[in-house]
Amino acid sequence: MWTDIGRHSDREIRAGSAAARQWIRREFRAGRYIAFVAEREGIGIVGSGAIWLRPSQPYPGLRPRPEAPYILSMYTRPEARGMGVATGLVRQMIRWARREKYRRITLHASAQGASVYRALGFEASNEMRLSLTRGGSPGTTAKSARRARRGPRR
Ligand SMILES: CC(C)(COP(=O)(O)OP(=O)(O)OC[C@H]1O[C@@H](n2cnc3c(N)ncnc32)[C@H](O)[C@@H]1OP(=O)(O)O)[C@@H](O)C(=O)NCCC(=O)NCCS
């Protein structure tokens, strides 16, 4: 999945792989990582994905559960793409989350995944972020950083 998304080098992916496997195993055993697989007769597994029940703070309107479903690790084998495999998996995940009485599912979409989720009714949320590795610092916006580089106005 990470190779196809193309945001990380092979070295970074390899280096993170052992930790990822360890983390998945731990969350799986704890019942917080629910894996979904799609199988085609005669071929085997063609796609997979997971719901991770990640910790969440309680807030008004949500039932007081300490976790919230988050979709991750969506992958379809290249030869099976464009045939509704991921769409089918996400539909099953939505069904599962509804049955478990969760009120919301969140995810971060890759460029390839966005249209799949959009078609199923996912919408962009109000999440914001600040990169702390690209010269940003708390309280620094792109505009204030440009102003700081230019120096004070005369
Ligand atoms: C993103 C990814 C999981 C999508 O998997 P997929 O199984 O090809 O997805 P689907 O087939 O359900 O949907 C893909 C497209 O096929 C279309 N489609 C859905 N059902 C279809 C069907 N029965 N027949 C034909 N096309 C169909 C969808 O509308 C979608 O079209 P669009 O994206 O051009 O708008 C896959 O491309 C992938 O593994 N990418 C690399 C890893 C990645 O980016 N993972 C996502 C992380 S968020």
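The buried residues of helix α3 are V85, A86, L89, V90, M93, I94, W96 and A97. The model described here is predicted. In it, four strands form an open sheet of mixed pairing, and α3 packs on that sheet.

**Helix α3**
- An α-helix has 3.6 residues a turn, so residues three or four places apart point the same way.
- Helix α3 covers residues 85-99, and its 15 residues should span 21 Å because each residue contributes 1.5 Å.
- After α3 comes K101, which has a positive phi near 70 degrees.

**Sheet**
- Strands of a sheet pair through backbone hydrogen bonds, either parallel or antiparallel.
- The strand order is β1-β2-β3-β4, and the pairing is mixed.
- β1 and β4 (106-107) are the edge strands, each pairing on one side only.
- Eight bridges join β1 and β2, which pair in the antiparallel sense.
- I34 has I51 of β2 as its bridge partner.

**Helices on the sheet**
- Helix α2 (residues 10-29) packs on the sheet and touches β1, β2 and β3. The direction of α2 makes about 105 degrees with that of β1.
- Helix α3 also packs on the sheet, touching β1, β2 and β3. The direction of α3 makes about 35 degrees with that of β2.

Methods: Residues are numbered from 1 along each chain as its sequence is written. This is a predicted model: local features need pLDDT of at least 70, side-chain atom pairs count only at pLDDT 80 or more; totals for chains, interfaces and linings use all residues. Side-chain values use heavy atoms; hydrogens and water are left out. Helices (H or I, at least four residues) and strands (E, at least two) are DSSP runs, numbered from the N terminus. The expected span of a helix is 1.5 Å times one less than its number of residues. Buried means under 20% relative accessible area, exposed over 50%, partly exposed in between (1.4 Å probe, protein chains only). Two strands pair if DSSP finds at least two bridges between them. Contact means heavy atoms within 4.5 Å. Axes are lines fitted to C-alpha atoms, for helices over the stretch in contact, and angles run from 0 to 180 degrees between N-to-C directions.
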